[in-house]
Amino acid sequence: MNLLPFALLPGLTAAICAAHDAMQDGVEFLRAHMPAQDRGTVTQERLVREVRLALAARSQFPWAAQVPWELYENNVLPYAVVNEPRDEWREQFHHLFAPLVSPCKTGREAALAIASRIQKTLNVRYSTERRVPHQGVKESLQSGKVSCTGQSILLICALRSVGIPARMAGVLTWNHVRGNHNWVEAWCDGEWKMLEYNEKDFNTPWVMSAISMLNPCKPENAIYATSWKKEPSGAFFL
């Protein structure tokens, strides 16, 4: 039997305890803020799998380890984005996107690598023929057709699978044309950055231009972002 040097045992014990605490905290956080629709259907075992995989990504990628825990908990651990079907996507997406970002040194590089190549990787494109705007990952992959909301869900899940905090943002209605839009915000280099599916850079020009024309005094022109943790306002992003 090979015995560990005695001097290493305290550090090893501390690491094991820290990992256990993070697992427990993560599961409790997901359950505490779980949408009402998921209670009774999303199991404890599912939550444990989600947190275990998210913590593995945090250990694997240098950018993930640098994210403050509260931010990681709220924007990487969640198994869903909005009210889409609760498909299990994390392990599949990790297998797809971890090799793609393995040469990257920063979260910024990794986020752009995923965003610019996600359409080719998944073979899913924007289409007005999609069944519903808020498709789950499984249906989007099977049909190959998504709305901007569906694109955002896929990109957020891909980013989260490699430990990059991500959330959906959007506007209820533009004030210069009919319609609305949802996009992604990825946390890298210490701040949130606007990012879209199949784009090579942050801050998609047409979206930024449209945002500049919004009237901040109108609630329907406000920009909202998702949060797993319930906000005091009680507002919901659906």
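## The loop between β5 and α9

In this predicted model, Asn-198 lies in the loop that runs between strand β5 (191–195) and helix α9 (205–212). The phi angle of Asn-198 is near 65°, which is a positive value in a residue other than glycine. Because its relative accessibility is 34%, Asn-198 counts as partly exposed, a class that falls between the cut-offs of 20% and 50%.

Asn-203 is found in the loop between β5 and α9 as well, and although Asn-203 is not a glycine, its phi is positive, at about 60°. With a relative accessibility of 41%, Asn-203 also counts as partly exposed.

## The hairpin of β4 and β5

Strand β5 is joined to strand β4 (residues 181–188) by 5 bridges, and the two strands run antiparallel. As an example of this pairing, Glu-185 has Met-194 in β5 as its bridge partner. Together β4 and β5 form a hairpin with 2 residues between them, and in the turn Asp-189 has a positive phi of about 55°.

## Helix α5 and its two sides

What span should helix α5 have, at 1.5 Å a residue? Helix α5 (residues 90–101) has 12 residues and should therefore span 16 Å, and the distance of 15 Å between its end C-alpha atoms agrees with this expectation.

Which residues of α5 are buried? They are Arg-90, Phe-93, Phe-97, Ala-98, Leu-100 and Val-101. Because these residues cover an arc of only 155° around the axis, they are placed on the same side of α5. On the other side of α5, by contrast, His-95 and Pro-99 are exposed. The buried residues of α5 are covered by parts of the structure that include α2 (44–60), α3 (62–65), α6 (107–122), α7 (137–143) and α8 (148–161).

The loop between α4 (69–75) and α5 contains Arg-86. Is this residue buried or exposed? Arg-86 has a relative accessible area of 16% and is therefore buried, since the cut-off for a buried residue is under 20%.

The side chain of Arg-86 is joined to that of Asp-38 by a polar contact of 3.1 Å. When residues up to four places away in sequence are not counted, Arg-86 touches Pro-35, Gln-37, Asp-38, Val-42, Arg-46, Tyr-79 and Ala-80.

Technical notes: Residues numbered from 1 in each chain as written. Predicted model: local features only at pLDDT ≥ 70, side-chain atom pairs only at ≥ 80, totals over all residues. Heavy atoms only, no water. Helix = DSSP H or I, 4+ residues; strand = E, 2+ residues; numbered from the N terminus. Expected span 1.5 Å × (residues − 1). Buried < 20%, exposed > 50% of the residue type's maximum accessible area, 1.4 Å probe, protein only. Arc of directions from axis to C-beta. Contact = heavy atoms within 4.5 Å. Polar contact = N/O pair within 3.5 Å; in protein donor to acceptor, adjacent residues only side chain to side chain. Pairing = 2+ DSSP bridges.
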